Amino acid sequence: MATQFQHRLVGTLVLVSLGVIFLPDVFDGEKAHYQENYEAIPLREDFDTELLTAPVEAPEDVEAFMPQEPVTVTINESTDSPQPQPESEPAAVAQVEASAPKAGYQDSAWIIRLGTFRNIENAKNLVSTLRGKGYPAQLMPRDVKQGGLARVEVGPNVSKDKLEAMTADLESLTGLKGQLLRFNPLNP
């Protein structure tokens with residue numbers, strides 16, 4: 001009995017393998033063969049052979065020199081007429097010292113934060129209303145796609161007094177009491 005089962009199993013495997021091999025060709029139909037038609041680009045027949053034999057000119061040598069020491073400028077602070085420098089000295093180059101950044105740059109600009117909104121459409125409507133009234137308002141989104149919040153801010157402005165005066169007008173216009181904060185351009 002085992003041999004009869006084995007014969008049937010082998011026969012079935014043979015038929016399945018033949019079906020897998022030959023049936024795709026039968027059902028695929030007639031194949032269209034495409035041949036790319038191309039032509040080689042012919043060589044140019046009227047090429048001037050004198051160009052190949054023309055000599056290449058040597059590059060020009062230019063006399064240039066750099067001064068051995070850096071050139072400095074001396075400025076006299078006297079109000080007398082300027083004294084001409086002798087022609088034997090090389091041309092003057094001004095040296096500029098790098099100035100240290102201002103220590104109080106953090107106090108240079110201010111903003112008014114009107115509110116933080118979860119609904120981005122409400123924030124956009126508020127910004128468009130404020131811009132329509134002439135206020136420099138912007139929307140500062142923070143991961144809105146991930147369910148984050150969006151801040152509505154007015155400014156920045158260097159005049160703190162001007163923004164303090166705007167706070168009362170903004171409160172009457174929007175009903176929101178804004179916060180006066182320092183503007184930080186690196187971490188808005």
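Predicted model: local features only at pLDDT ≥ 70, side-chain atom pairs only at ≥ 80, totals over all residues.

Visitor: What does glutamine 138 contact, leaving aside its neighbours within four places in sequence?
Guide: Its contacts there are Val127, Arg131, Arg151, Val152, Glu153, Gly155 and Pro156.

Visitor: And which backbone oxygen lies 3.0 Å from a polar atom of its side chain?
Guide: That of glycine 155.

Visitor: What kind of peptide bond joins glycine 155 and proline 156?
Guide: A cis one, with omega at about 5°. Proline 156 is in strand β3.

Visitor: Let me step back. How many helices and strands does the chain have?
Guide: Four helices and four strands. Starting at the N terminus, the order is α-α-β-α-β-β-α-β.

Visitor: How much of the chain is buried?
Guide: Of the 188 residues, 16% are buried. The chain exposes about 17,200 Å². Carbon and sulfur atoms supply 55% of that area.

Visitor: What about contacts between residues at least 6 apart in sequence: what share join residues at least 24 apart?
Guide: That share is 61%.

Visitor: Now the helices. Which residues of α3 are buried?
Guide: Ile120, Ala123, Leu126, Val127 and Leu130. They cover an arc of only 125° around the axis, so they sit on the same side of α3.

Visitor: What covers them?
Guide: The cover for the buried residues of α3 includes β1 (110–117), β2 (137–142), β3 (149–157) and α4 (160–174).

Visitor: Why does the length of α3 make sense?
Guide: Helix α3 has 13 residues, 120–132. At 1.5 Å a residue, they should span 18 Å. The end C-alpha atoms are 18 Å apart, which agrees.

Visitor: What happens at the start of α3?
Guide: A side-chain oxygen of asparagine 119 reaches to within 3.1 Å of the backbone nitrogen of glutamate 121.

Visitor: And what follows α3?
Guide: Glycine 134 follows α3, and its phi is positive, near 100°.

Visitor: What about α4? Which of its residues are buried?
Guide: Leu163, Met166, Thr167 and Leu170. Among what covers them are β1, α3, β3 and β4 (179–182).

Visitor: How far apart are the end C-alpha atoms of α4?
Guide: They are 20 Å apart. The 15 residues of α4 should span 21 Å at 1.5 Å a residue, so the two values agree.

Visitor: Buried or exposed?
Guide: Tyrosine 135 counts as buried, because its relative accessibility is 16% and the cut-off for buried is under 20%.

Visitor: What does tyrosine 135 touch, not counting residues up to four places away in sequence?
Guide: Leu130, Val154, Met166, Asp169, Leu170 and Leu173.

Visitor: New topic. How many salt bridges are there?
Guide: The count comes to two.

Visitor: Which residues are linked in the network of salt bridges?
Guide: Arg113, Arg151 and Glu153. Glutamate 153 pairs with arginine 151, their closest N and O atoms being 3.4 Å apart. Glutamate 153 also forms a salt bridge with arginine 113, where the closest N and O atoms are 3.4 Å apart. Glutamate 153 is in strand β3 and arginine 113 in strand β1, so this pair ties together parts 40 residues apart in sequence.

Visitor: Are these residues buried or exposed?
Guide: Glutamate 153 is buried, with a relative accessible area of 2%. Arginine 151 is buried too. Arginine 113 counts as partly exposed, at 23% relative accessibility.

Key:
Residues numbered from 1 in each chain as written. Heavy atoms only, no water. Helix = DSSP H or I, 4+ residues; strand = E, 2+ residues; numbered from the N terminus. Expected span 1.5 Å × (residues − 1). Buried < 20%, exposed > 50% of the residue type's maximum accessible area, 1.4 Å probe, protein only. Arc of directions from axis to C-beta. Contact = heavy atoms within 4.5 Å. Polar contact = N/O pair within 3.5 Å; in protein donor to acceptor, adjacent residues only side chain to side chain. Areas by Shrake-Rupley, 256 points an atom, 1.4 Å probe, with all protein chains shown as cover. Salt bridge = Lys/Arg side-chain N within 4 Å of Asp/Glu carboxyl O.
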